[in-house]
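Please describe how the two chains of this model are organised, and how their parts meet.

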Amino acid sequence: MSIPVFEVLEPGLLTTVQDLGRIGYQRYGVPVSGGMDAFSLKIANLLVANDIDKAVLEITGLGLMKLKILNRTVIALTGADLTPMIDTSPLPMWRAIEVKKGVVLSLGETRRGFRAYLSIAGGIDIPLVLGSRSTYCKAKIGGIEGRPLRKGDIISSFLSKQPLESITHRYLPEDFIPDLTKEIEVRVIMGPQDDYFKKEGIQTFLNSWYRVSPESDRTGYRLSGPRITHKDKTDIITDAIPLGAIQVPGDGLPIILMADRGPTGGYPKIACILSVDVDKVGQLKPGDKIKFKKIDIKEAHELLRAENEKLLKINNILNEQSKIPAKKRYRVSIEGETYEVTVEELPI
Amino acid sequence: MPEEEIKNLIVGDKAVFIEFANKISPEINRKVHIMASAIEKEKIEGVIETVPTYRSLSIYYEPLKIELDNLLEKLGKIKSSLGKIKIPSSRVIEVPIVYGGEYGPDLEFVAKYNSFSQEEVIKIHSGRNYLVYMFGFSPGHTYLVVDERIATPRLKTPRVKVAAGSVGIGGRQTCIRPQEIPTGLRIIGRIPLKLFNPDKEPPVPFLPGDYLKFIPISEEEYLKLKNE
C-alpha cells in the first residue's frame, strides 16, 4: 500500500532518490551510489521512525526546489541548510514534522553544507533496481526513471511503520547535529599506492589545503592546489576503488572518489578517507577547502565503532521520544476556576 | 607463483586487496577469479562483496562484523587451498565495431604514437580474441588487454564526455564503455551493442573469463545494428 505524498513544483538542479546504495554489483561495474552524506540520510530516516536504509530525496544546493504535499504525512529534513520553508514559515531541520495536505515545501539559498536529505514516514515507494532505489543517472537506473526529479513528478511513500502521532515529536538533540563548515580536515589511511609518489609528493598531499573545483559531482571531487609529484609511473594496473579513495592522475591534482564512482580505476590511490569522514566531504561545494590527516587502521576502526554506537544511541533517544504521548490533558486551576486543557502538536 | 609474492593491501577502513602480482596475465587473472569464487563459497560473516580486477581481488568488509586480523587469517587459509578449485571453460563472443572517424577520435593518435597506419591499428586490434579480465569503472564496462604493438598511454586529464559503446586504449588495456561517462582512454572505435541490462541477473551479457572477438563494420552497418 502506498500513498502519493509529493508533487514536484520545482525540481532544483539536482534532486535524486537515494538510499544506502547498491551492494554486490561492483563486480559487474555497477557503482554503489547512495547518499553522499550517509550520516544525514540515516538520521533523516530514524527521525521519521523508518529503517535506516529507506529511500529519501537528496537535494543539492543548486537552485530553487519546491514540493507540494499531497497527503498528510510526517517528514524530516537533515544535512545542508538550504533555507527550508513551509509555505511562508521557516521549516525546522533535524526533527520530524507533520505536514498537512496542500502546503508547499521549498528549499532555496544554500546557507551551510551542500546536500539536504528529505525523508518521509514509510520511505519513498519506487521499484528496487539491483537491490537498491538509489538513482545512478549515468546508467539511468534507480530513482525515478534513473534521472533527477522533474517538474510534475509524483512521489509516493510506503505506509509508516508507526502511527504518525507517535513520531511527530522526534528530534535530534543539538549535540548530535553535525557541524557543516567550508573548510574541513579529514582523516586518511595511506595507500594502497602511496609508493607511487615521491617523498615530497606525500608531504605536499598531507600539508596543503586543497580547493574543491567546479568540476565536482557525485562521482568525485576534483581538487585544485599544489601538485603531488609521482616517482615515475602515473598509471597503475586498474584495480578497485573504495568510497573516499583519493586518486592522483598524471597532472598531480587529487580526485576524491565518491558515491557514483566506478568500482575500478587506473590512477594510483595515494590514500583513502575514513568512512566516518566521507560524509563531511559530501557536504562540500565548489570553492570549499579540504586538508588530509594521516592515521592508522586501528584508530580508524575504533572511530567506526564509536560512530556506530552514536547511531544506536540516537536511535534509542528517538524511540524514547516516541513514548511521550503527543496529546496531553491537564486540569488547570486559575483563581479558583478549574479548566480542562488539552495540549497537542498541530501539523504545519 | 611463490606464495610470498602475494600481497595483502589495507585499502581504507573497509577493504582489503589481495594482489597476486603486479602484472597482467591470463594465469594471474585466473587466480583472482578462483579466489573470488572460493570466498563466495565460504560465506564469511562480515564480507560484503568482492571485486575481481586484472591482478588483484578487492574484498569489502564490515569492520563492525569481522575484525581485520580475523578476516586476514580466513583469507590466508582460502589462499593456501586455491590449487584444488576449478572454474568453467570459456566461450568466444563476436562483437561488431566501427573504427576511427567520429567514432574513434584517437585512432589517428594511437596509429602515430605506435608508427602504424590507422588500417594497421584496426587489423591488429581486431585480429585476436580478448579475454574478459574484469568489469569495472561503470556498469558493463569490460576490461580487455590490447596487443603490445598498439599500447598507448592514457590522456593526462580525462575527457569529460565519451559516447556509449566507445572502445578505448589506456596503456595495454582496451575497454568498452557502456555509457556516456568521463574517461582518460584513447578512443579508437564504437560498438552498437548494449552491455548492461539492469533487469537481468547478472546484468551483463558475458562473464569474466569469456573471450571476445571484434568484427570491423562500416558506419552504415553500425547505424543499422544500433537501430535494431
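## Domains of chain B

In this predicted model, chain B is split into domain 1, residues 3–84, and domain 2, residues 92–227. The C-alpha centres of domain 1 of chain B and domain 2 of chain B are 28 Å apart. Their contact draws 7 residues from domain 1 of chain B and 9 residues from domain 2 of chain B.

On the domain 1 side of this contact in chain B, helix α1 (residues 26–42) contributes the most, with 3 residues. Sorted by class, that side of domain 1 of chain B holds 4 nonpolar and 3 polar residues, and no charged residues.

## Fold and dimensions of chain B

Chain B contains 5 helices and 12 strands. Its C-alpha atoms occupy a box of roughly 55 × 40 × 35 Å along the principal axes. For 228 residues a compact globule would have a radius of gyration near 17 Å, and the 19 Å of chain B agrees with this.

Of the 228 residues in chain B, 43% are buried. Among contacts in chain B with a separation of 6 or more, 61% involve residues 24 or more positions apart.

## The sheet in chain B

An open sheet of 8 strands is present in chain B, with the order β6-β12-β5-β11-β9-β10-β8-β7 and mixed pairing. Its edge strands in chain B are β6 (129–131) and β7 (134–135), each of which pairs on one side only.

Within chain B, strand β5 (residues 92–99) and strand β12 (residues 211–216) run parallel and are joined by 6 bridges. Pro96(B) has Ile215(B), in β12(B), as its bridge partner.

## Fold and dimensions of chain A

The secondary structure of chain A consists of 4 helices and 22 strands. Chain A has a radius of gyration of 22 Å, close to the 20 Å given by the globule rule for 348 residues, so chain A is as compact as a globular protein of that length. The box filled by the C-alpha atoms of chain A, taken along the principal axes, is roughly 85 × 45 × 35 Å.

Buried residues account for 49% of the 348 residues of chain A. Of the contacts in chain A with a separation of 6 or more, 76% are between residues 24 or more positions apart.

## Domains of chain A

Chain A is divided into domain 1 (2–176) and domain 2 (183–295). The C-alpha centres of these two domains of chain A lie 28 Å apart. In chain A, 21 residues of domain 1 are in contact with 13 residues of domain 2.

Three elements of chain A, α1 (38–47), β5 (73–81) and β10 (112–120), each supply at least two residues of the domain 1 side that touches domain 2. By class, that side of domain 1 of chain A has 8 nonpolar, 10 polar and 3 charged residues.

## Contact between chains A and B

Where the chains meet, 41 residues of chain A are in contact with 46 residues of chain B. On the side of chain A that touches chain B, β15 (239–240), β18 (264–265) and α4 (297–323) of chain A each supply at least two residues. The largest share of that side of chain A, 6 residues, comes from α4(A).

The class make-up of the side of chain A that touches chain B is 21 nonpolar, 14 polar and 6 charged residues.

Note on methods. Residues numbered from 1 in each chain as written. Chains lettered and ligands numbered in written order. Predicted model: local features only at pLDDT ≥ 70, side-chain atom pairs only at ≥ 80, totals over all residues. Pairing = 2+ DSSP bridges. Contact = placed C-beta atoms within 7 Å. Nonpolar A, V, L, I, M, F, W, Y, C, P; charged D, E, K, R; others polar. Rg over C-alpha atoms; globule rule 2.2 N^0.38 Å. Buried ≥ 20, exposed ≤ 12 C-beta atoms within 10 Å, placed from the backbone. Domains from an automatic or database assignment.
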